[in-house]
Amino acid sequence: MKGGGGGGGVSASYSLPAKRRWKGLVIGVLGLVFLSMLVPLVFLLGLHVHPTNGDGTERQDSASNHVRVYDQHNDADTRNQSKVHQSTHMDDLVIRFTPSLPKVLANSSVREGGNDTNGKGPNQSFPTPADVPKQVKKNSGSLDRDKTGEYMTGADESEMICELKFGSYCLWRQQQKEKMEDSVVKKMKDLLFVARAYYPSIAKLPELDKLSHELKQNIQDFERVLSETTTDKDLPPQNMQKLTMMEAAIAKAKSFRVDCNNVDKKFRQLVDLTEDEANFHMKQSAFLYKLAVQTIPKSLHCLSMRLTVEYFRTSFEVEEALIEKFVNPDLYHYIIFSRNILASSVVINSTALNVKESGKQVFHLLTDRENYFSMKLWFFRNNYGDAAVQVLNIEDLKLYNHHKVAPLDLSLPEEFRVSFRRVDKLSSTQFRTQYLSMFSHSHYLLPEIFQSLKKIVVLDDDIVVQSDLSALWNIDMGEKVNGAMQSCAVKLFHLKTYLPNSNFDENSCAWTSGVNIIDLSRWREHNLTGKYQRLVHEMKKGDGISETSTLSASLLTFEGLVYGLEDSWMVSGLGYNYGVDLESIETAAVLHFDGSMKPWLELGIPKYKSFWRKFLNPQNQLLNDCNVNQ
């Protein structure tokens, strides 16, 4: 018994610790389970707990990573201020659609030529061939707004930049502006873009479900309408009601506090896309404008081709009396370089009609091989009073040492656009643009081509003569060689960088072609052809022949040998300036259509075309057949 009782007692004593160990494991497992549930709960609750600083203000990161601080004691006021701030921010983005003057131009001078120009004095001059788009480059100069006395508006600044880059194209574009059509469709597109910009931010706010649905419905309505029509006349009758509803929905969206990040991105995309599209269309339009300027009109091409064909079907001989006139130094000899039949015909016709004694007038027309036959037949068939007309093919002329002077290829007078700063306080613009026409390489062959002549008058083919030019032959030029119109707004120091040497009078005025009295005798004495050849060779040896070499060499060749004609002799700018006074046009002896908008082009300035077209023969059958008179 004792043994059994003792054995049972020992068993009971060993079973009690095992139960305690089991209970401890159960408690430990339950504790781990509780902690595993508690830790995530604490973590989730911690997302809504924000640290505060000592003065009780709370910091919160917005979606756009900008830190904003809200005061807990004035939370309502802060929300109102935030609404105003965000609304103002959106308005500022919309205002950016208006073009503005770049900062680069606000504190810099703009050059149009291919080389750097560092001018002296208050005016900066930047020459370039007419209507060639160039870069806007920063210079050390600056615009002195105190001198001008006023600030230009954004539109004026935009037009100024355009003219500096693209020349007369911008003047033509401004004059050709028409009333905007389909304005309602354009307005609908703008509203649709704004609604799309606000919709993502509104849709994220649960309390604005109604406004979100309204915006979505309006967007879908606008998309459906714009997919079916592109003009105002095709819009549905209830379209104005849709416009009103869309404007109201957008106004509501602007009044709520939303995340501006998406709206900001959308508007920035709109600005970038609009600017890129505008620049693309500007460059495309400027290119097409330049192409239209340089392309021969279809009517002139028709006239030239028909005359060329008829030339080889016709046989004619020049009278002996005319041959004697061509070399008689006692007569009045006019020289014209041209490839344009109509332009040269208008020059000769207007000169002959306004002269008292047309029998003393002799015209020498120099052209190339391509246009020689058509011009030969045209001036053989048409009479210009008793004046004699000689047509020469410059490519067939045999000149002594001509290869050392210039190649025997026809080159017409070259036009350069010069832009410089104004100092006139009464002016509304800070830049002024002026055109200069210069002699080409062919002009420096004149002493060799007309060896028997002593004095000539050189006429450009884009002029119209309105009075007797015989008085030019009576002008005493003293020791001067070239009687020309001068433009003292542009002086040689403005073009200093373009000139190969510094041995010149910086205050000398630039001159222009159009009507020029040339003393060939003194030309030969000074060997101006050789001087021009040396200057061109120096520029070619240095930086190579540039697009301004003709301008530089011509100005230096005649430096100190130019006789300034009175302003009443010629009015310029009729090929680019819409603001020429009509009274001065009617009283001027010569009208110069310098610039790109020539009167025989469709791009010509309409109110000046009548002064040119009145010297065409409306009864000429060839002109009517080729639609020249239309």
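Residues are numbered from 1 along each chain as its sequence is written, and side-chain values use heavy atoms, with hydrogens and water left out. Because the model is predicted, local features need pLDDT of at least 70 and side-chain atom pairs count only at pLDDT 80 or more, whereas totals for chains, interfaces and linings use all residues.

**Exercise 1.** Determine how many disulfides the structure holds, and characterise the one formed by C302.

*Solution.* A disulfide is a pair of cysteine sulfur atoms within 2.5 Å.
- Step 1. C302 is joined to C626, with an S to S distance of 2.2 Å.
- Step 2. The torsion about this S-S bond is about -65°, so the disulfide of C302 and C626 is left-handed.
- Step 3. Helices (H or I, at least four residues) and strands (E, at least two) are DSSP runs, numbered from the N terminus. C302 belongs to helix α11 (residues 298-311) and C626 to the segment after α22 (621-625), so the link ties together parts 324 residues apart in sequence.
- Step 4. Buried means under 20% relative accessible area, exposed over 50%, and partly exposed in between (1.4 Å probe, protein chains only). C302, at 25%, is partly exposed, and C626, at 4%, is buried.

**Exercise 2.** Describe the geometry and the placement of the disulfide of C488 and C509.

*Solution.* 
- Step 1. The sulfur atoms of C488 and C509 are 2.0 Å apart.
- Step 2. The angle about the S-S bond is 100°, and the link of C488 and C509 is right-handed.
- Step 3. C488 sits in strand β11 (residues 482-491) and C509 in strand β12 (residues 509-519), so parts 21 residues apart in sequence are tied together.
- Step 4. C488 has a relative accessible area of 42% and is partly exposed; C509 has 18% and counts as buried.

**Exercise 3.** Locate S513 and identify the partner of its side chain in a polar contact.

*Solution.* A polar contact is a pair of N or O atoms within 3.5 Å; within protein, one must be able to donate a hydrogen and the other to accept it, and residues adjacent in sequence count only if both atoms are side-chain atoms.
- Step 1. S513 is found in strand β12.
- Step 2. Its relative accessibility is 0%, so S513 counts as buried.
- Step 3. The side chains of S513 and D460 make a polar contact of 2.9 Å.
- Step 4. With contact taken as heavy atoms within 4.5 Å, and neighbours within four places in sequence left aside, the residues touching S513 include P413, F439, M570 and H592.

**Exercise 4.** Classify the aromatic pair of Y334 and F363, then that of Y372 and F373.

*Solution.* Rings of Phe, Tyr and Trp (its six-membered ring) pair if their centres lie within 6.5 Å; planes under 30 degrees apart count as stacked, over 60 as edge-to-face and the rest as tilted.
- Step 1. The structure contains 18 aromatic pairs.
- Step 2. Y334 and F363 are stacked, at 5.1 Å centre to centre with 20° between the planes.
- Step 3. Y334 lies in strand β4 (residues 332-337) and F363 in strand β5 (residues 361-367), so this pair ties together parts 29 residues apart in sequence.
- Step 4. Y334 is buried at 0%, and F363 is buried at 0%.
- Step 5. Y372 and F373 are edge-to-face, at 5.3 Å centre to centre with 75° between the planes.
- Step 6. Y372 counts as buried at 17%, while F373 is partly exposed at 24%.
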